[in-house]
Amino acid sequence: MSTVNGGISFWYAQDGTPAPREPLPGDISADVCIVGGGYTGLWTAYYLKKAVPFLNITVLEAKFCGYGASGRNGGWLYNGIAGRDRYAKLHGHEAAVRLQQAMNATVGEVVDVCEQEKIDADVHRGGVLEVALSPAQLARLKAFHAAETAFGETDREMYGARETADRIRVTGVVGSSWTPHGARLHPVKLVKGLAAAVEALGVTIHESTPVTEIKPKHAVTPYGTVRAPYVLRCTEGFTASLTGQRRTWLPMNSSMIATEPLDDAQWESIGWDGRETLGDMAHAYMYAQRTADGRIALGGRGVPYRFGSKTDNDGRTQPQTIEALRDILTRFFPQLAGVRVDHAWSGVLGVPRDWCATVTLDRSTGLGWAGGYVGSGVATANLAARTLRDLIKEDSGQSGPTDLTALPWVNHKVRKWEPEPLRWLGVQTMYAAFRGADHRESTGHTATTDRVAVLANRLSGR
Ligand SMILES: Cc1cc2nc3c(=O)[nH]c(=O)nc-3n(C[C@H](O)[C@H](O)[C@H](O)COP(=O)(O)OP(=O)(O)OC[C@H]3O[C@@H](n4cnc5c(N)ncnc54)[C@H](O)[C@@H]3O)c2cc1C
């Protein structure tokens, strides 16, 4: 059997695409209109409807719920949040620690709601293990470990090569850092379960309904317009396709492969009984999970950005990206050299100019948005949704400020990306620098690599 390329994602090949919901029937009114049916939009609908059951909430989705990154991701439900260090600089260390603590708690929140709503998303709470494979990666790992600890993660553990191998046998590993604040899940089972839970609460979802323009109190679609005091943009990597948003968040690609199910002898040789989500310390890092049905699903950056903020076609990815991911797989686990790759796919995530996730409600217009999670959105979308709920409750006089509305990522402002071709050139240069640095590190040259990558980070505004 050859590799299936695209088809949105392996998760859909496994779990099936959902039966379509009706498009918007014409002009309607609502109390809250949510644009985008991924984790951000659906969690927001969920928490708002739970908090204020009489609210009339409409979700508009261009394709079907979970069509975007929420149906394609690596299933790392973890406590990472893009921009924490910058928020520490802007608002002080204590504020960033509160943000980190909120993220730590979010992992448990998602797991708890899955249990309450009977969403079986193959959740396994094994934490996150990040490994180092070279002296340069080990130096970064130690710095990373120290930084996370300084932000309050006192339960994080550092392992040497041998202790790491007791958990998972990655070839060439020299150390690792583990946090309990993470779980593996099946992205599509979560997004489907969430959409069903939201509908059961009485939220209306219209699919096959692309919004062409968002303006105060209006979401415009080819089927009609939704008028609502609050219109929330939850379109992450697709945001550039909306009128006036071309340079707001850059759509960054991430690609994945899923192997055939491994047999018992292969798992015996690898270990990984704890089913931690697995990552490394390369500049162009990889991420992986052991799936519930015994495969390895592994991702990385691939071709990072397409000219003009183009997005992929139903998840199709480039052959060279599939090969690059397979190379990582066999570098980590050489015994899997002959293993079949059943599926390859890609998706887009949203990257703001300063690489900081944000959640915003503009009180003067009633427009809100959340995203820019830069690849750490599975848990962050949940925190963003609860924060949007609190911001709307506060704005509509139903409650005062809360701990969530006081977090430093709320109402953060950032400038737009440069026009093309600068945008494209900037991202290509940055990733070429990262790949070059990773290559030199893998061949034992460590002296200049960090300087090059740090410079690339500075240039890119990271
Ligand atoms: C390959 C890949 C792997 C990843 N792995 C991880 C991971 O392991 N852990 C992690 O934390 N994060 C990961 N991420 C990031 C994470 O998946 C996203 O940050 C998160 O899913 C974003 O959710 P969202 O709802 O904001 O956006 P999306 O899930 O992209 O949802 C946006 C929705 O809006 C719809 N839409 C777009 N335009 C319009 C429009 N004009 N009108 C109406 N609807 C519209 C889309 O069809 C889509 O359904 C990964 C991302 C990718 C692509």
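Select D122 and K189 to begin: in this predicted model, the two side chains form a salt bridge (a side-chain nitrogen of Lys or Arg within 4 Å of a carboxyl oxygen of Asp or Glu), with their closest N and O atoms 3.1 Å apart. D122 sits in the loop between α4 (93-116) and β6 (128-132), while K189 belongs to helix α7 (residues 187-201), so this pair ties together parts that are 67 residues apart in sequence. Helices (H or I, at least four residues) and strands (E, at least two) are DSSP runs, numbered from the N terminus. D122 counts as buried at 16% relative accessibility, whereas K189 is partly exposed at 23%; buried means under 20% relative accessible area, exposed over 50%, and partly exposed in between, with a 1.4 Å probe and protein chains only.

Before moving on, note that residues are numbered from 1 along each chain as its sequence is written, and that side-chain values use heavy atoms, with hydrogens and water left out. Because the model is predicted, local features need pLDDT of at least 70 and side-chain atom pairs count only at pLDDT 80 or more, while totals for chains, interfaces and linings use all residues.

The whole structure holds 17 salt bridges, and another one to select is that between E276 and R167, whose side chains meet at 2.9 Å, N to O. Here E276 lies in the loop between α8 (264-270) and β16 (277-280) and R167 in helix α6, so the pair ties together parts that are 109 residues apart in sequence. E276 counts as buried, at 3% relative accessibility, and R167 is partly exposed, at 23%.

Next, select R340 and D342, which form a salt bridge with their closest N and O atoms 2.8 Å apart. R340 is partly exposed, with a relative accessible area of 30%, whereas D342 is buried at 7%.

Turn now to the aromatic rings, of which the structure holds 13 pairs; rings of Phe, Tyr and Trp (its six-membered ring) pair if their centres lie within 6.5 Å, and planes under 30 degrees apart count as stacked, over 60 as edge-to-face and the rest as tilted. With W76 and Y78 selected, the ring centres are 5.2 Å apart and the planes stand at 85°, so the pair is edge-to-face. Both W76 and Y78 are buried. For F332 and F333, the centres are 6.1 Å apart and the planes at 65°, so this pair too is edge-to-face, and F332 and F333 are likewise both buried. Then display Y12, F64, Y67 and F238, which ring pairs link into a cluster.

For the surface, select D155, E157, E163 and D166, which gather in a patch of negative charge. Such patches are made of residues with over 30% relative accessible area and no salt bridge, like charges being joined within 9 Å. One of the four, E163, is found in helix α6 (residues 161-167) and is partly exposed, with a relative accessible area of 43%.

Finish at T365, in the loop between β20 (358-362) and β21 (367-371), where T365 counts as buried at 18% relative accessibility. A C-alpha to C-alpha line drawn from T365 to I119 spans 35 Å in space, between residues 246 apart in sequence.

Methods
Patch = residues over 30% accessible without salt bridge, like charges linked within 9 Å, V, L, I, M, F, W, Y side chains within 5 Å. Areas by Shrake-Rupley, 256 points an atom, 1.4 Å probe, with all protein chains shown as cover. Lys, Arg positive; Asp, Glu negative; His and termini not counted. Charge placed at Lys NZ, Arg CZ, Asp CG, Glu CD.
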